[in-house]
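Dear colleague,

I am passing on the structure below, followed by notes on what was found in it. Please read the notes with the coordinates open beside them.

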Amino acid sequence: ATYLPKAERVIDLGCGTGTSLYLLNQLGPGRELIGGDWVPESQETVNAIGAATGENIRGVHFNMQTLDGADALPLKGAAVTTLHAMEQLGTAHQPLLDLLMAHSPTLVLHLEPVEEFYDPDNLFDQMALTHHRQREYLSGYLTRLRQLASDGRIELLAERRLYLGSTWHEAYSLIVWRPVSSL
């Protein structure tokens, strides 16, 4: 609610079952909500949510690894979210980041596992980091965003460890940013 209340269009990449889109609609109905996912059943589920609610909620094909379907995403001027969806990209996040930078969304909000937040001197964090790396989860993304912020290409609005996850790792840390061109 802090970062998305004024967004007229929200695009959730890797939307899965569309739960986040449904909840976003509850916070502020009447906006355009688009869920991008590579799984056809996900798109069908999101479209069913739109039909059941009578709201402008729709699913489209989008694969974060190949960027297949990116042409169906009206990213310019939209708020973009990823909720525990980028983890499988590992170190291969640059193409998605390039896509976002090229299309100037007004805001990008991630709730993702972020290895940079782990404290290597803390035993729990050591175990979580080991799990994170064994699973080849998202790696180096926050470091890259910090570089872009240092270069003046993006504004980092939030980077926060939420201490929310499971016994194995923290799946939901917050990163919020926007390209400088959209300011």
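**Salt bridges and their surroundings**

Glutamate 159 is partly exposed, at 33% relative accessibility, where buried stands for under 20% relative accessible area, exposed for over 50%, and partly exposed for what lies in between (1.4 Å probe, protein chains only). The model is a predicted one, in which local features need pLDDT of at least 70 and side-chain atom pairs count only at pLDDT 80 or more, while totals for chains, interfaces and linings use all residues. Residues are numbered from 1 along each chain as its sequence is written, and side-chain values use heavy atoms, with hydrogens and water left out.

Glutamate 159 forms a salt bridge with arginine 146, their closest N and O atoms being 2.4 Å apart; the term requires a side-chain nitrogen of Lys or Arg within 4 Å of a carboxyl oxygen of Asp or Glu. Because glutamate 159 lies in strand S6 (residues 154-160) and arginine 146 in helix H5, the pair ties together parts that are 13 residues apart in sequence; helices (H or I, at least four residues) and strands (E, at least two) are DSSP runs, numbered from the N terminus. Arginine 146 is partly exposed as well, at 34% relative accessibility.

By this rule the count comes to 7 salt bridges. Among them is the pair of arginine 133 and glutamate 115, with closest N and O atoms 3.4 Å apart, which links helix H4 to the loop between strand S5 (107-112) and H4, across 18 residues. Arginine 133 is exposed, with a relative accessible area of 52%, whereas glutamate 115 counts as buried at 12%. Arginine 161 and glutamate 170 form a salt bridge with a closest N and O separation of 2.7 Å, and both of these residues are buried. Arg9, Glu32 and Arg58 are linked in a network of salt bridges.

The axes of helix H3 (residues 94-103) and helix H5 (residues 141-150) come within 11 Å and cross at roughly 35°, the axes being lines fitted to C-alpha atoms over the stretch in contact, with angles that run from 0 to 180 degrees between N-to-C directions. Gln94, Leu97 and Met101 of H3 make the contact with Tyr141, Arg144, Leu145 and Leu148 of H5, contact meaning heavy atoms within 4.5 Å.

Tyrosine 3, in the segment before strand S1 (9-13), is partly exposed at 27% relative accessibility. Not counting residues up to four places away in sequence, tyrosine 3 touches Leu107, Leu109, Leu157, Ala158, Arg160, Leu174 and Val176.
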